[in-house]
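Subject: Structure for you to look at

Hello,

Here is the structure I said I would pass on. My notes on it follow below.

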Amino acid sequence: MGTAISLDLADDLPAATLHELAEDTFAWLREVDARFSTYRTDSEVCRLDRGELPLAEASADLRAVLARCADLWTGTDGFFDVYATGRLDPSGYVKGWAAQVASDRLVEAGAPNHCLNAGGDLRVRGRAVGGGPWRIGVRHPWDPAATCLVLTGTELAVATSGVYERGHHVVDPRRGAPAAGLRSVTVVGPDLGVADAYATAAVAMGGAGIGWLDGLPAPWLHAVVTDDGRLLHSRTLPLGT
């Protein structure tokens, strides 16, 4: 998926078991990359976009992802749009979805304490080594060596969409141009795929994304850094020290 992915398994399991769990996790993520990559010409997404693969013949995973993206398009008033760039690109949901599925599989396999970090989108479950909650640093949007806040928890999906690495690359689908106004959006909730899509949609909205995030129902929470340097966040965001 063109990003670094790390896995921290905190359960006291035999080394061979931990190794197998990690291998299974990364095998799944490689499978997702092969199917959903917008950079691989032989991926299902690219073949579907070119009209070479009928939707009815696509994999169940691809059809399910596109159906969920259609729901998210409706739920974000059209700002989460897999065709915003002019071609099919569900990446704003897929990365979080893939990590969420991987995390769910780890729980089912008997590893309920873990942290999966897919390029800054994190799914944490249970406890870290030592028994404490997980601590998640949200990158400072102007200083890659610093954090703008730290979150703590035992059951969190945390997705961040920002412009600090690729510039203003998130397209406002209504204007057909890169959105501006928000430097970084972090969304916290129970599902990483949805959190990823919500963060992308809010960036696409620009300044109006702040009010939209404020209107999301519980348990969704957020933190925003604006282009002019303001840090705004939900009152109940689980902040660490």
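**Glu44 and its surroundings**

The side chains of Glu44 and Arg35 are joined by a polar contact of 2.7 Å. A polar contact here is a pair of N or O atoms within 3.5 Å; within protein, one must be able to donate a hydrogen and the other to accept it, and residues adjacent in sequence count only if both atoms are side-chain atoms.

Before the rest, the basis: this is a predicted model, in which local features need pLDDT of at least 70 and side-chain atom pairs count only at pLDDT 80 or more, while totals for chains, interfaces and linings use all residues. Residues are numbered from 1 along each chain as its sequence is written, and side-chain values use heavy atoms, with hydrogens and water left out.

Glu44 sits in helix 2 (residues 44–49); helices (H or I, at least four residues) and strands (E, at least two) are DSSP runs, numbered from the N terminus. Glu44 counts as buried because its relative accessibility is 11% (buried means under 20% relative accessible area, exposed over 50%, partly exposed in between, with a 1.4 Å probe and protein chains only). A polar atom of the Glu44 side chain also lies 2.8 Å from the backbone nitrogen of Ser59. Not counting residues up to four places away in sequence, Glu44 touches Ala34, Arg35, Leu53, Ala58, Ser59 and Leu62, where contact means heavy atoms within 4.5 Å.

**Helix pairs**

The axes of helix 1 (residues 15–36) and helix 3 (residues 60–75) come within 11 Å and cross at roughly 75°, which makes helix 1 roughly perpendicular to helix 3. Axes are lines fitted to C-alpha atoms, for helices over the stretch in contact, and angles run from 0 to 180 degrees between N-to-C directions. Angles under 35 degrees count as roughly parallel, over 145 as roughly antiparallel, 65 to 115 as roughly perpendicular and the rest as oblique. Trp28, Glu31, Arg35 and Phe36 of helix 1 meet Asp61, Leu62 and Val65 of helix 3.

Helix 4 (residues 91–108) and helix 5 (residues 192–205) pack with their axes 6 Å apart, at an angle of about 155°. Helix 4 is therefore roughly antiparallel to helix 5. On the helix 4 side, the residues in contact include Gly92, Gly96 and Ala99, and on the helix 5 side they include Gly193 and Ala197.

**Ser103 in helix 4**

Ser103 also belongs to helix 4. Is Ser103 buried or exposed? Ser103 is buried, with a relative accessible area of 0%. Its side chain makes a polar contact of 2.7 Å with that of His114. Leaving aside neighbours within four places in sequence, Ser103 is in contact with His114, Leu116, Arg123 and Arg125.

- Thr154 is in the loop between strand 5 (147–153) and strand 6 (155–162), and is partly exposed at 30% relative accessibility. Arg125 is one of the residues that Thr154 touches, as are Val124 and Pro133.
- Asp77 lies in the loop between helix 3 and helix 4. Asp77 is not a glycine, yet has a positive phi of about 60°; Asp77 is exposed, with a relative accessible area of 53%.
- Pro219 is in the loop between helix 6 (208–214) and strand 10 (221–226). The peptide bond from Ala218 to Pro219 is cis, with omega near 10°.

Regards
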